[in-house]
Amino acid sequence: MITKRIIPCLDVRDGRVVKGVNFEGLNDVSSPVELGKYYSDSGADELVFYDITASAEGRALFTDILRKVAETIFIPLTVGGGINTVDDFDRVLKCGADKVSVNSGAIRDPSLIPAAAKKYGDQCVVLSADVKRVDGRFTLLARGGRDNTGLDAIEWIKRGAENGAGEIVVNSIDTDGVKGGFDLELLDAVCSAVHVPVIASGGGGCIEDFVKLFQTLPDVDAGLAASIFHFGEVSIPELKRRLAAAGINVREVL
Amino acid sequence: MVTVIDYGVGNVFSLMSSLRAVGEEAILTDEPERVPRAEKLLLPGVGAFGDAIAKLRLGGMDEAILEAVGRGVPLFGICLGMQLFFDESLEYGVHRGLGLIPGTVRPIEPEDRTLKIPHMGWNALHITQPSPILKNTREGEHVYFVHSFWADTPAENIIATSEYGMTITAAVQRENVFGTQFHPEKSGGVGLKMLRAFCDMEVRA
């Protein structure tokens, strides 16, 4: 059977990893290539590179660095950030990305998901949704959580999957950065609404949070996190050993 | 030296990079005239069967491949590239394949209806027969799959399977024709070792 996936997410600005810190054996912790290789060797099942650059120059640096990462690391790569058009898909897929994650771009242009899915296949299109409880309702946020769209998040995700998103990243703004565990209530609601892989993001603070995530919600396919991996609070080999010991199917780390 | 067939189906960036990573010289070509000189052939492919086989037939690439295989040139197909080896596919209609391996490409229909399609992610290999391309592969190692259709073929052609609510053909061999449903170029060290094993094979042609 398919294993549960562990996915580190790297924010990249002007071709460098933001917040890369203190890894033993790494000379340049802000190099996406070195950090990516480190995670790949540690048993990460997939990598997400998120381009947080605003400028065109930064964007060019990002595709450059993505190409170098894809030449070095032979596990699936997902790219997000600044994806607004089908041409943006083309730009990163040509540099070795396997999947492309859309967020605000899909909110601005609802035809982006169906157009990209038609051209590249559902498996290539990842819908990333930032969700927050507003007046007791799961609400979709845009622009990295800054704007309230007023849209019902579960409806939005459901429609995205129907339109061709082959995978959903659910980022809970309520639990993000709190490290108090994943947003199980939100994830349960998403799993009930769609029949495509669901990736949990926001709130994973320790190994136990991942064990609880997969034990409570067997329909969740993957856990994504950033700082707990970057700061060495959770090591991926140790996380996988503990998941396996808890009876959760994970890919062995060589 | 491996010749990778470029017929405008999917992305070959990672495949070419992975061949470089295992130290193999690889050339990419869309010209059927270059196929007769190939030592080894690699057929990638992502997308829909009907579109892919039509593109392969355009300009006679299919004939060039069949001719080389007939002379004993090893051929390795990946994902849709492997599916093209079979007699036919039922993906959006009925399409005739290359007929290199008997069998039919069918939709994945697991008994457990809660299982998601496509079959996407890391799954364990069960090796059913020894094969030169699996010489560096151990039972139970994980490889990366992304597909909604599978190759239904007699067991004699199957060298590895995976379980996904049903038994899925993961890798095949028939004489000098090899194929994997999964992506060795996305399967980390396990995949690179498999590509290395193919590159290491002695050529009889």
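This briefing walks through the chain contact, the helix packing, the sheets and a few backbone details of the structure above. The model is predicted, and the predictor gives the complex an ipTM of 0.92 together with a pTM of 0.94. Chain B has a mean pLDDT of 95, with 99% of its residues at 70 or more. Chains A and B touch through 24 residues of chain A and 24 residues of chain B.

**Where the chains meet**

- The contact between the two chains brings 24 residues of chain A against 24 residues of chain B.
- On the chain A side, this contact is built from ten nonpolar, six polar and eight charged residues.

*Helices 3 and 5*

- Helix 3 (residues 86–93) of chain A packs against helix 5 (residues 112–120) of chain A at an angle of about 45 degrees, and their axes are 9 Å apart.
- The two are therefore oblique to each other, and helix 3 of chain A passes helix 5 of chain A in a right-handed crossing.
- Helix 3 of chain A brings A:Val86, A:Phe89 and A:Leu93 to this contact, while helix 5 of chain A brings A:Ala115, A:Ala116, A:Lys119 and A:Tyr120.
- Sorted by class, the residues of this contact are six nonpolar, no polar and one charged.

*Helices 6 and 7*

- The axes of helix 6 (residues 153–162) and helix 7 (residues 184–193) of chain A come within 10 Å and cross at roughly 35 degrees.
- This crossing, too, has a hand you can check on screen: it is right-handed.
- If you want to find the contact by eye, look for A:Ile154, A:Ile157 and A:Lys158 in helix 6 of chain A, which meet A:Ala189, A:Val190 and A:Ala193 in helix 7 of chain A.
- Five of the residues in this contact are nonpolar, none is polar and one is charged.

*Helices 8 and 10*

- Helix 8 (residues 207–216) and helix 10 (residues 236–245) of chain A pack at an angle of about 40 degrees, with 10 Å between their axes.
- That angle makes helix 8 of chain A oblique to helix 10 of chain A, and the crossing of these helices is right-handed.
- From helix 8 of chain A, A:Ile207, A:Phe210, A:Val211 and A:Phe214 meet A:Glu238, A:Leu239, A:Arg242 and A:Leu243 of helix 10 of chain A.
- The residues of this contact divide into six nonpolar, no polar and two charged.

**Sheets in chain B**

*The eight-stranded sheet*

- Eight strands of chain B form an open sheet with mixed pairing, in the order 2-1-3-4-14-13-12-9.
- Strand 2 (26–29) and strand 9 (126–127) of chain B are its edge strands, each pairing on one side only.
- Strand 1 (residues 2–5) of chain B runs parallel to strand 2 of chain B, and four bridges join them.
- Within that pairing, B:Thr3 has B:Ile27 in strand 2 of chain B as its bridge partner.

*The four-stranded sheet*

- Another open sheet of chain B has four strands in the order 6-5-7-11, again with mixed pairing.
- Its edge strands are strand 6 (95–96) and strand 11 (149–152) of chain B.
- Strand 5 (residues 86–89) of chain B is antiparallel to strand 6 of chain B, with two bridges joining them, and B:Glu88 stands opposite B:Arg96 of strand 6.
- Strand 5 of chain B also pairs with strand 7 of chain B, in the parallel sense and over three bridges; here B:Ser89 stands opposite B:Val105 of strand 7.

**Backbone details to look for**

- Most residues other than glycine have a negative phi, and most peptide bonds are trans.
- The peptide bond from B:Ile117 to B:Pro118 is cis, with omega near 5 degrees.
- You will find B:Pro118 in the loop between strand 7 (101–107) and strand 8 (119–124) of chain B.
- A:Asp14 is a residue other than glycine with a positive phi, near 50 degrees, and sits in the loop between strand 1 (5–13) and strand 2 (16–17) of chain A.
- B:Tyr92 also takes a positive phi near 50 degrees, in the hairpin of strand 5 and strand 6 of chain B, which has five residues between the strands.

Note on methods:
Residues are numbered from 1 along each chain as its sequence is written. Chains are lettered from A and ligands numbered from 1 in the order in which they are written. This is a predicted model: local features need pLDDT of at least 70, side-chain atom pairs count only at pLDDT 80 or more; totals for chains, interfaces and linings use all residues. Two residues are in contact if their C-beta atoms, placed from the backbone, lie within 7 Å. Ala, Val, Leu, Ile, Met, Phe, Trp, Tyr, Cys and Pro count as nonpolar, Asp, Glu, Lys and Arg as charged, and the others, Gly among them, as polar. Axes are lines fitted to C-alpha atoms, for helices over the stretch in contact, and angles run from 0 to 180 degrees between N-to-C directions. A crossing is left-handed if the near helix is turned anticlockwise from the far one by less than a right angle, and right-handed if clockwise. Two strands pair if DSSP finds at least two bridges between them. Angles under 35 degrees count as roughly parallel, over 145 as roughly antiparallel, 65 to 115 as roughly perpendicular and the rest as oblique. pLDDT is the predictor's confidence in each residue, from 0 to 100.
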